[in-house]
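I open this notebook to record what I looked up in the structure shown below. The entries follow the order of my reading.

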Amino acid sequence: MTLFDRIPMPVAVCEANGAIILANPAMAAEWGETSGTLRGRNVLELFRPEEKTQVLRIAEALRLGHRSRYPVAVHWAAADGVRRHGELTAEPVSDTVDEAPGLLVLLRVLGEDPAHAPAAAEPAAGPAEARILALLAGGATTARAAKETGLTVDGVNYHLRRLTQRWGAANRTELVARAYALGVLAPGVWPPVA
């Protein structure tokens, strides 16, 4: 038992239906609990399979007496509130072939769930880009924006191209709209200012 508790990988022993009989501290730590508090809980209440059909196939294989390792891609909300993903491997174990097997469940944590990772904040515009956007919002042409900012026409186009790529905008009108939405341009002010 002491050896089981010292395994650094999250491990549990479950009944064939998934009810936890024994969990090591590493498994319990995923939920900020102690090993004993997981006893009796179903492993499928704690982990959500990426594909529901995987669990049905495993249940059918166990019913037919197959003895293989069954990996299942899972995700869960850890104790720290971060959604994680990993691979749960269930391996049937029993003393005899005729006995209904229990399951040795091993969890390989792969990291934060990429499907629920926080989105990166959209980058704001630099001072030159904000000034160019303000001039465009006021109706300036590329040539006039170049003259007002002390840049060349190619310089203005360079900044607009960078903003278009960074913000995923389709055209200059959308760039100006996004500039207002992101707070780069002050709403309700004429002529537009950054």
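Entry 1, strands E1 and E6. I looked up Cys14 and found that its bridge partner in E6 is Leu103. E1 and E6 run antiparallel and are joined by 4 bridges. I take two strands as paired if DSSP finds at least two bridges between them. Helices (H or I, at least four residues) and strands (E, at least two) are DSSP runs, numbered from the N terminus.

I note the basis of these entries: the model is predicted, local features need pLDDT of at least 70, side-chain atom pairs count only at pLDDT 80 or more, and totals for chains, interfaces and linings use all residues. Residues are numbered from 1 along each chain as its sequence is written, and side-chain values use heavy atoms, with hydrogens and water left out.

Entry 2, the sheet. I recorded an open sheet of 6 strands in the order E2-E1-E6-E5-E4-E3, with antiparallel pairing. Its edge strands are E2 (20-23) and E3, each of which pairs on one side only. In general, strands of a sheet pair through backbone hydrogen bonds, either parallel or antiparallel.

I found 2 bridges between E3 (residues 48-49) and E4 (residues 70-77), which run antiparallel. Arg48 stands opposite His75 in E4. E4 also pairs with E5 (residues 83-93), in the antiparallel sense and over 8 bridges. Here Tyr70 stands opposite Ala90 in E5. The hairpin of E4 and E5 has 5 residues between the strands, and in it Gly81 takes a positive phi near 85 degrees.

How many aromatic pairs does the structure hold? I found 1 aromatic pair. The rings of Phe47 and Trp76 have centres 5.1 Å apart and planes at 80 degrees, so I list the pair as edge-to-face. For this term, rings of Phe, Tyr and Trp (its six-membered ring) pair if their centres lie within 6.5 Å; planes under 30 degrees apart count as stacked, over 60 as edge-to-face and the rest as tilted. Phe47 lies in the loop between H3 and E3 and Trp76 in strand E4, so the pair ties together parts that are 29 residues apart in sequence.

Are these residues buried or exposed? Phe47 is buried, with a relative accessible area of 1%, and Trp76 is buried at 2%. Buried means under 20% relative accessible area, exposed over 50%, and partly exposed in between (1.4 Å probe, protein chains only).

Pro8 lies in the loop between H1 (2-6) and E1 (11-14), and is exposed, with a relative accessible area of 75%. The C-alpha atoms of Pro8 and Ala130 are 122 residues apart along the chain and separated by 52 Å. Gly139 is in the loop between H5 (127-137) and H6 (142-149), and is exposed, with a relative accessible area of 56%. The C-alpha atoms of Gly139 and Pro191 are 52 residues apart along the chain and separated by 9.6 Å.
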